[in-house]
Amino acid sequence: MDNSRSLVTPTADPPLERALRDKLARRNDDSGSLGELEPLALRIGLMQGSLKPRFHEPQLMVFAADHGLAVDGLHGGLRYTTEELVRRLLAGRLPLAVFARAGGLGFTVVDCGVAETLPTHERLQARKIAHGTRNPRVAAAMSLAQAHAAMRAGMQIGDQLPGNLTICAGLGVGSQESAALLLARLTDLPPRALLETGPAMAADELAHQLNIAQAALARHRDVAEPIELLAALGGFEVAMMVGVMLMAASKRHLLMVDGLAACAALAIAARIAPPVTDYCVFCRSREHRGIDQAMKQFRSGPLLELGLDGLDGTGAVLAWPLVRSAAALLTEVAEGEEAGPTR
């Protein structure tokens with residue numbers, strides 16, 4: 001992972017930033033302020049190192065895996081198994097797939113560690129590390145070798161992806177809870193602040209969730225190094241997203257981070273190469289205070305607030321037209337304006 005540390009460069013570039021701000025100011029002279037689109041356009045220009053940022057072949061990547069925490073009943077109340085969700089997603093029967101197609105996004109599901117064997121499909125990448133993680137309440141969720149293997153697989157995926165924009169989202173029974181435990185250790189937040197514990201949850205169910213979470217955290221309380229924490233508490237989908245994020249940021253690609261699992265992956269990636277966060281924008285696909293807490297750690301918030309309660313990735317797909325429009329604000333030449341240099 002040392003290569004990633006050296007390859008991910010900060011986006012800070014004062015001369016380019018001044019030029020981008022001047023260009024946006026000239027736009028405002030005719031059209032008036034465009035609010036939050038302007039700082040987003042500025043960030044995109046800095047990410048790409050260009051006065052005329054452009055996106056091509058944007059990709060939605062959904063990383064699927066099962067989690068040993070589900071044995072203890074921590075599964076986020078999902079109606080379907082991970083296998084069933086993946087099948088429905090690949091068949092285009094879920095809104096996420098519909099919106100991705102409507103938005104012109106390339107769409108891939110990556111089998112990082114689904115418990116069942118999935119049939120081949122043109123949109124499925126089989127990169128299974130194991131048939132689900134172990135239960136972190138009784139053992140490390142994965143071995144250190146498995147964590148490194150998943151991260152390497154993610155880097156390979158990131159290196160081979162077409163385009164220069166990637167939406168990262170996780171999927172799987174127990175994924176939210178596993179990510180919550182990992183973030184709790186990385187941020188020193190109490191697990192209750194990150195687990196999904198809405199007012200409708202029964203008191204005994206809440207107590208059970210918190211007891212399991214505390215037991216898992218206590219078992220691994222002496223683990224401190226980020227990759228070891230990932231192995232102790234995380235999921236294969238989180239580990240693979242870490243690799244994808246590091247590789248994408250090293251290529252100055254924009255990352256749209258959606259959901260708790262993706263936030264947990266970013267938290268690990270940022271420990272390895274802190275500038276990776278320069279290349280991220282945040283989205284949300286469900287009302288969950290744990291996601292609010294996770295985004296606060298990155299001093300950020302979601303691009304859109306639509307009151308969604310869907311699969312992670314849905315909010316990012318719906319926010320993609322905003323990102324494309326922000327780039328167009330800089331790239332499309334206004335009437336009477338010189339085309340000028342790209343840099």
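This briefing walks through the sheet, the aromatic pairs and the charged side chains of the structure above. The model is predicted, so local features need pLDDT of at least 70 and side-chain atom pairs count only at pLDDT 80 or more, while totals for chains, interfaces and linings use all residues. Residues are numbered from 1 along each chain as its sequence is written, and side-chain values use heavy atoms, with hydrogens and water left out.

**The sheet**

- Six strands form an open sheet in the order 3-2-1-4-5-6, with parallel pairing; strands (E, at least two residues) and helices (H or I, at least four) are DSSP runs numbered from the N terminus, and two strands pair if DSSP finds at least two bridges between them.
- Strand 3 (124-126) and strand 6 (280-283) stand at the edges with a single partner strand each, so one side of each has no neighbour in the sheet.
- On average, neighbouring strands of this sheet are turned by 25° against each other, direction ignored; the axes are lines fitted to C-alpha atoms, for helices over the stretch in contact, and angles run from 0 to 180 degrees between N-to-C directions.
- Seven bridges join strand 1 (residues 59-65) to strand 2 (residues 106-113) in the parallel sense; among the facing residues, F63 stands opposite V110, and V62 has V109 as its bridge partner.
- Strand 2 also runs parallel to strand 3, joined by three bridges, with D111 partnered by A126.
- Seven of the eight residues of strand 2 are buried, where buried means under 20% relative accessible area, exposed over 50% and partly exposed in between (1.4 Å probe, protein chains only).

**Aromatic pairs**

- There are two aromatic pairs, counted when rings of Phe, Tyr and Trp (its six-membered ring) have centres within 6.5 Å; planes under 30 degrees apart are stacked, over 60 edge-to-face, and the rest tilted.
- F55 and W320 pair edge-to-face, at 6.0 Å centre to centre and 80° between the planes.
- F55 sits in the loop between helix 3 (37-48) and strand 1, and W320 in helix 13 (residues 314-331), so this pair ties together parts 265 residues apart in sequence.
- F55 is buried at 18% relative accessible area, and W320 is buried at 4%.
- F282 and F298 are stacked, with 5.3 Å centre to centre and 25° between the planes; F282 belongs to strand 6 and F298 to the loop between helix 12 (289-297) and helix 13.
- Both F282 and F298 are buried.

**Charged side chains**

- The model has eight salt bridges, each a side-chain nitrogen of Lys or Arg within 4 Å of a carboxyl oxygen of Asp or Glu.
- R137 and D72 meet at 2.6 Å, N to O; R137 is partly exposed at 31%, whereas D72 is buried at 13%.
- D111 and K128 form a salt bridge at 2.8 Å, N to O; D111 lies in strand 2 and K128 in the loop between strand 3 and helix 6 (144-160).
- D111 is buried at 4% relative accessibility, while K128 is partly exposed at 28%.
- R286 and D312 meet in a salt bridge at 3.6 Å, N to O, and both residues are buried.
- A network of salt bridges links R284, D292 and E305.
- D258, found in strand 5 (residues 254-258), is buried yet has no salt bridge: R286, the nearest side chain of opposite charge, is 7.1 Å away. Here Lys and Arg count as positive and Asp and Glu as negative, with His and the chain ends not counted.
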